[in-house]
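Me: I am new to this structure. Could you walk me through a few of its local features?

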Amino acid sequence: MEKKATSNETEPLTSKKDVSDCNEGEDCKENGLLVRNPKSALRLVEDGNKVHPSQGDKGEAAQISNGYSGVQSSVPGNGMGEAEGAQCTAPAATTTSSSTACGAEGQQQLMELEDRETWSKKIDFLLSVIGYAVDLGNVWRFPYICYQNGGGAFLIPYAIMAIFGGIPLFYMELALGQYHRNGCISIWRKICPIFKGIGFAICIIDLYVASYYNTIMAWAFYYLISSFTAELPWTTCTNAWNTGNCTNYFSKDNVSWSLHSISPAEEFYTRQVLQVHRSNGLDDLGGISWQLTLCLLLIFTIVYFSIWKGVKTSGKVVWVTATFPYIILFILLVRGATLPGAWRGVLYYLKPDWQKLLATEVWVDAAAQIFFSLGPGFGVLLAYASYNKFHNNCYQDALVTSTVNSMTSFVSGFVIFTVLGYMAEMRNEDVSEVAKDTGPSLLFITYAEAIANMPASTFFAIIFFLMLLTLGLDSTFAGLEGVITGVLDEFPHVWSKRRELFVLILIIICFLGSLATLTFGGAFVVKLFEEYATGPAVLTVVFLEAVAVSWFYGITQFCSDVKEMLGFTPGWYWRVCWVAISPIFLLFVTCSFLSNPPELRLFDYDYPYWTTVVGYCIGTSSVICIPIYMVYRLLSTPGTLKERILKSISPETATEIPFGDIRMDVV
């Protein structure tokens, strides 16, 4: 409540007495704004020395814990920093009109800040982050990589890479987004402007992901629709799409399994859903599957109406999409554990092969798995955290969500391998022969076939593919929100009041970009994008992000920011990880990938050499934004080369820190 001024109070900040030149080493009060004098040093004040403004001296400067002067504003929160490209400074001789203009600009930016929505509840944020981190890869990628790289022994490099690489980067992005309250593009004005190209690279990567990731969900949706029958269509060899090699070893007839035998589940996946037999490869993709197109259109429709209003609506949707998979995983785990031969799969999954720990590729796979599972570098964590309250405990959030993510991956392995053990028992083969399928094939062929031959197969098929859909929807919400928040924060004057329109345009772009993956050879395109379009590009982006924050913005300043939010400074473990270990971790994985690019093969198709070149070009098309913007920034900044570099690596926009009714600007 505003109180009447007394004789002891200072003059209003809008008076000409306040718009005066700043003395060296002091903070300036201009037009009701707090501006940090760039010449003054940062002063850290102990808690016992804090001075808070009393009711009788609201206008007096008060030292706050970070050494900045707080000024009680006549308008709540009327504290702004320097706007990009212009400074609201006014010497004593400045006219009243210029003073009013600066004040208007500050109030306009303030209104944008105060209008920023926040999560309705803390649990909405946690479920959204968990839903983003826990996706389809947790179900198919981790179990396969685990048994391929030494079973239980793989958990050692996995845990080490999580502790020293994945979790620190996860924590760093949450803290950055929550403190600066900006998306992946505009946040760099407050950190290190020359690295702003990282934000544009992130948006392009997210669009690439949306162009193929949702197609995998369209496959799952097709399976879901096909599951509403008394007899699942991938259980028999009498359908129009089946060939003479189709062999149903689950049938009551005495059937022998040969080298040329193909299960009905595999033929349903390859010849009915994907129809890859109608394509000759990437140089001849064939026509577009209208069935998958309709499935994808419905998925994008669901996505649009889930995110078009912002985090307040998507935060409610994740109550279903983030929790439902855990219910289904538990049901499938119990069912799998009761199947004959389940113990064979579990033994194969966890039996340690200690010799594998001496192989470099095992550590590379562990680093890549934890990194892509937690998901820093996609702009999602920055966007989601930017809608948090300023003093939210993002440190606790980082530990909780990363732990839930890793435990989900581990439990998913039991869900998958109990069923693989059952399959091996039925085929009278070793588990290694059954577990040859990787990636989506593990879900759509092997697991689908096992479900089809269980009692109550229709029920288990429906809930399984529903689980896949909900796992994918969470990640799609998050990936697109990273782009939406980034663009809306960068161009608020254009899109801030037109979010629904921008989301619609973005969904249409993603749908059109997915058309190549909906062709008969679309599975080949999905594999190419999955391996090359996102992997090395995201690793490069996060490496540069860690370097920019730790080495240019400064680890001391970043830790000071964390203390402003949480009340405590990150310890030496976090500092060492951010400065050295995490960047080395990222550089290690990136160099390993580039030095030994994967040789792609899908079904019976070997990718030709030129597809590797195309893949690297796709990956480079996003990362190239970073050096291009650096060159543009240096060329467009006035001054000598040294002055241009110094201006380009120094924060140019203030970050407002709420302190009760006091608002402070920090540069």
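Reply: One definition to begin: a residue counts as buried under 20% relative accessible area, as exposed over 50%, and as partly exposed in between. Keep in mind that this is a predicted model.

Me: Is Gln275 buried, partly exposed or exposed?
Reply: Gln275 sits in the loop between helix 6 (264–273) and helix 7 (290–307). Its relative accessibility is 9%. The cut-off for buried is under 20%. Gln275 therefore counts as buried.

Me: What is the phi of Gln275?
Reply: Most residues other than glycine have a negative phi. Gln275 is not a glycine, yet its phi is positive, at about 60°.

Me: Which loop holds Ala456?
Reply: Ala456 is not a glycine either, and has a positive phi of about 55°. Its place is the loop between helix 15 (440–452) and helix 16 (457–490).

Me: Which elements give two or more residues to the nonpolar patch?
Reply: The nonpolar surface patch covers about 860 Å². Its members include Ile156, Ile160, Trp572 and Tyr573. The elements that give two or more residues are helix 4 (155–180) and helix 21 (572–595).

Me: Is Tyr573 buried, partly exposed or exposed?
Reply: Tyr573 belongs to helix 21. Its relative accessibility is 33%. That value lies between the cut-offs of 20% and 50%, so Tyr573 counts as partly exposed.

Me: How are helix 5 and helix 18 oriented to each other?
Reply: Helix 5 (residues 197–226) packs with helix 18 (residues 499–513), their axes 8 Å apart. Helix 5 passes helix 18 in a right-handed crossing. The angle is about 60°. The two helices, helix 5 and helix 18, are therefore oblique.

How values were computed
Residues are numbered from 1 along each chain as its sequence is written. This is a predicted model: local features need pLDDT of at least 70, side-chain atom pairs count only at pLDDT 80 or more; totals for chains, interfaces and linings use all residues. Side-chain values use heavy atoms; hydrogens and water are left out. Patches are made of residues with over 30% relative accessible area and no salt bridge: like charges are joined within 9 Å, nonpolar side chains (Val, Leu, Ile, Met, Phe, Trp, Tyr) within 5 Å. Accessible areas come from the Shrake-Rupley method with a 1.4 Å probe; for residues, only the protein chains shown count as cover. A salt bridge is a side-chain nitrogen of Lys or Arg within 4 Å of a carboxyl oxygen of Asp or Glu. Helices (H or I, at least four residues) and strands (E, at least two) are DSSP runs, numbered from the N terminus. Buried means under 20% relative accessible area, exposed over 50%, partly exposed in between (1.4 Å probe, protein chains only). Axes are lines fitted to C-alpha atoms, for helices over the stretch in contact, and angles run from 0 to 180 degrees between N-to-C directions. Angles under 35 degrees count as roughly parallel, over 145 as roughly antiparallel, 65 to 115 as roughly perpendicular and the rest as oblique. A crossing is left-handed if the near helix is turned anticlockwise from the far one by less than a right angle, and right-handed if clockwise.
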